Amino acid sequence: MTDNASVKALIGDILGEIIEEAREGGGKKTKVGLMAYGSELGQEELCLGARLAMQNDPGVKVFCIGPKLAGFDDLNWIETAADEHEISAAMEKALGDGVIEGAVALHYPFPVGVTTIGKVFTPGKGKPCFVASSTGTSSPVRTEAMLRNAIYGIAVAKSAGVAEPTVGILNLDGAQTVLRALQKLKDNGYGINFADSIRKDGGAIFRGNDLLAGAADVCVTDTLTGNVLMKLFGAWTTGGNYEAMGWGYGPSAGEGWNKVISIISRASGAPVIASALSLNASAAKNGLPAIVAKELAAAKAAGLDELIEAMQPKQAAAEEDVKAPAAEPTDEEIHGVDVLEIENAVKALWKAGIYAESSMGCTGPVIKFAKKNEEKVKEVLTAANYL
């Protein structure tokens with residue numbers, strides 16, 4: 001009797017959903033939860049974002065999770081007390097039970113190895129850009145994190161409908177190391193499309209100008225820098241206390257991670273909340289975790305694990321005492337050596353009998369040397385994997 005009642009109730013729920021979807025003129029909706037309490041802008045802002053998401057995107061059905069707010073009876077609610085721990089538990093239960101397929105949260109304790117990929121609106125040409133990454137961390141090792149961020153950024157972009165995303169690397173410490181690793185993956189068969197800087201020199205190493213112009217679909221950075229960028233791009237028109245533009249801090253990605261949880265800020269306004277819900281729905285509907293797994297498998301087949309192993313900190317050892325050769329005029333310079341490796345690269349040249357000096361140019365570190373040694377310098381630095 002109980003089993004029959006359960007089956008009837010299940011059939012009733014399914015029929016109810018079919019009737020509702022037909023009445024609203026759409027197909028199957030993607031159900032997304034929203035942590036609807038705890039914003040610095042007030043609970044109403046979150047609810048307005050939920051309402052706006054469903055108005056803008058008929059394929060999304062939002063479930064607000066938290067204490068029900070008067071005036072928003074038209075929304076779907078998973079009611080809890082005004083307690084963030086209870087709201088978090090209710091969100092996890094709804095995800096586990098399949099009531100929702102993804103969730104947008106104000107905060108989430110991601111394990112190390114899981115990060116979020118944000119999405120911003122760039123003002124130069126009105127183009128969107130994914131910022132990889134924005135919260136969490138894909139690795140405690142900076143260069144490994146940025147390498148993984150590139151792969152996760154590609155996966156998130158694909159889950160959002162960008163079939164062949166272009167990738168640029170922000171000019172930070174470690175950027176050249178990451179670019180070399182990505183180039184090796186590409187040479188070994190991994191499908192990555194490098195973007196081109198709008199600046200005269202071009203290339204996939206990006207400066208601030210490229211961010212403003214949206215020169216790539218995915219901009220690779222470390223999480224802390226990415227988090228700052230998200231806040232700047234989200235709130236630069238409002239003075240800072242209200243994030244009015246963009247899609248929020250984005251959905252989560254990581255090796256073996258099977259949840260689609262997006263992050264918004266406590267300063268995110270209704271337009272950003274609505275866009276974040278829609279982006280999360282797209283990621284959930286298109287199977288982001290499976291896309292991440294597929295990208296990782298392709299990258300591993302191209303040597304990802306070996307590249308990551310080479311990036312791990314080495315046990316400190318007694319440094320070889322290398323003395324500089326006799327000084328000579330340095331009338332030539334070479335770019336492309338990472339700032340974290342610049343001094344060791346200079347010592348490699350000294351060891352080869354070539355006088356060289358390290359310097360910092362306006363676009364990053366350079367090594368200065370005599371023009372007559374140019375070919376030998378390139379040969380030594382390439383052989384030592386600095387270029």
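Buried stands for under 20% relative accessible area, exposed for over 50% and partly exposed for the range in between, with a 1.4 Å probe and protein chains only.

I note that the model is predicted, that local features need pLDDT of at least 70 and side-chain atom pairs pLDDT 80 or more, and that totals for chains, interfaces and linings use all residues. Residues are numbered from 1 along each chain as its sequence is written, and side-chain values use heavy atoms, without hydrogens and water.

I then listed the contacts (heavy atoms within 4.5 Å) of Leu-277, leaving aside neighbours within four places in sequence. They are Val-32, Gly-33, Leu-34, Gly-49, Ala-50, Ala-53, Val-62 and Val-104.

**Aromatic pairs.** My search of the whole structure gave three aromatic pairs. Rings of Phe, Tyr and Trp (its six-membered ring) pair if their centres lie within 6.5 Å; planes under 30 degrees apart are stacked, over 60 edge-to-face, and the rest tilted. Tyr-108 and Phe-110 make a tilted pair, because their planes stand at 45°, with the ring centres 4.8 Å apart. Tyr-108 is buried at 16% relative accessible area, and Phe-110 is buried at 15%. Tyr-108 also pairs edge-to-face with Trp-257, at 6.4 Å between centres and 75° between planes. Tyr-108 lies in the loop between β4 (102–105) and β5 (114–122), and Trp-257 in the loop between β11 (250–254) and β12 (261–263), so this pair ties together parts 149 residues apart in sequence.

**Strands around β11.** Strands are DSSP runs (E, at least two residues), numbered from the N terminus, and two of them pair if DSSP finds at least two bridges between them. I found β5 and β11 antiparallel, joined by three bridges, with Thr-116 opposite Ser-252 in β11. β11 also pairs with β12, antiparallel, over two bridges, and Gly-250 faces Ile-263 in β12. In this hairpin, six residues lie between the strands, and Gly-256 has a positive phi near 80°. For burial, I noted that five of the five residues of β11 are buried.

Technical notes:
Helices (H or I, at least four residues) and strands (E, at least two) are DSSP runs, numbered from the N terminus.
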